[in-house]
Amino acid sequence: MMVPVRCFTCGNVVGEHWEEFDERANEGDEDPEKVLDELGVDRYCCRRMLVSHADLVDVVSPYQ
């Protein structure tokens with residue numbers, strides 16, 4: 001789960017791409033640039049937000 005769901009700069013929804021990007025780029029062996037191209041994330045600000053995001057939901061809320 002990606003929080004925030006929208007890009008800070010342009011307001012585009014980027015949260016819908018987070019899980020697939022995380023699985024393919026961060027945990028796999030694929031190039032993050034190639035994954036973002038295939039997902040259709042074209043804007044620099046949205047790409048930056050996805051690449052630099054650290055998923056802290058498990059750390060912040062351990063009691064589910």
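**Exercise 1. Helix H2 and its buried side**

Task: In this predicted model, find which residues of H2 are buried, and work out where they sit around the helix axis.

Solution: 
- Step 1. Start with the burial of H2: Val35, Leu36 and Leu39 are buried there.
- Step 2. Now look down the axis. These three residues cover an arc of only 95°, so they lie on the same side of H2.
- Step 3. Ask what that side meets. The buried residues of H2 pack against H1 and H3.
- Step 4. Finish at the end of the helix. Just after H2, Gly40 has a positive phi of about 85°.

**Exercise 2. The aromatic pair**

Task: Search the whole structure for aromatic pairs, then describe the geometry between Trp18 and Phe21.

Solution: 
- Step 1. The search of the whole structure turns up one aromatic pair.
- Step 2. Its partners are Trp18 and Phe21, with 6.2 Å from centre to centre and 45° between the planes. Planes under 30 degrees apart would count as stacked and those over 60 as edge-to-face, so an angle between these limits is called tilted. The Trp18 and Phe21 pair is therefore tilted.
- Step 3. Check burial, for which the limit is under 20% relative accessible area. Trp18 has 2% relative accessibility, so Trp18 is buried. Phe21 has 1%, so Phe21 is buried too.

**Exercise 3. The largest nonpolar core**

Task: Which members of the largest nonpolar core touch the most other members, and which element gives the most to this core?

Solution: 
- Step 1. Of the 14 residues in this core, Met2, Cys7, Val14, Phe21, Val41, Cys46 and Leu50 touch the most other members.
- Step 2. Sort by element. H1, helix H2 (32–39) and H3 each give two or more residues to the core, and H3 gives the most, with four residues.

**Exercise 4. The annotated cysteines**

Task: Which residues does the UniProt annotation "binding site" cover, and what is the largest C-alpha distance among them?

Solution: 
- Step 1. The unreviewed UniProt entry gives Cys7, Cys10, Cys45 and Cys46 as "binding site".
- Step 2. They are spread over 40 residues of sequence, yet they cluster in space, with a largest C-alpha distance of 7.8 Å.
- Step 3. Take Cys7, in the segment before H1. At 4% relative accessibility, Cys7 is buried. Apart from neighbours within four places in sequence, Cys7 is in contact with Asn12, Val14, Cys45, Cys46 and Met49.
- Step 4. Now take Cys46, in helix H3. Cys46 is buried as well, at 4% relative accessibility. Not counting residues up to four places away, Cys46 touches Cys7, Cys10, Asn12, Val14 and Val41.

**Exercise 5. A histidine in a loop**

Task: Where is His53 found, and is His53 buried or exposed?

Solution: 
- Step 1. His53 is found in the loop between helix H3 (44–52) and helix H4 (57–60).
- Step 2. The relative accessibility of His53 is 16%, so His53 counts as buried.
- Step 3. Beyond residues up to four places away in sequence, His53 touches Met2, Val3 and Trp18. Trp18 brings us back to the aromatic pair with Phe21.

**Exercise 6. The whole chain**

Task: How many helices and strands does the protein have, and what is its radius of gyration?

Solution: 
- Step 1. Count the elements: four helices and zero strands.
- Step 2. With 64 residues, a compact globule would have a radius of gyration near 11 Å, and the 12 Å of this protein agrees.
- Step 3. Buried residues make up 30% of the 64 residues.

Conventions. Residues numbered from 1 in each chain as written. Predicted model: local features only at pLDDT ≥ 70, side-chain atom pairs only at ≥ 80, totals over all residues. Heavy atoms only, no water. Phe/Tyr/Trp six-rings, centres within 6.5 Å; stacked < 30°, edge-to-face > 60°. Buried < 20%, exposed > 50% of the residue type's maximum accessible area, 1.4 Å probe, protein only. Contact = heavy atoms within 4.5 Å. Core = buried A, V, L, I, M, F, W, Y, C linked by side-chain atoms within 4.5 Å. UniProt positions renumbered as here; feature names shortened; annotations may be inferred. Arc of directions from axis to C-beta. Rg over C-alpha atoms; globule rule 2.2 N^0.38 Å.
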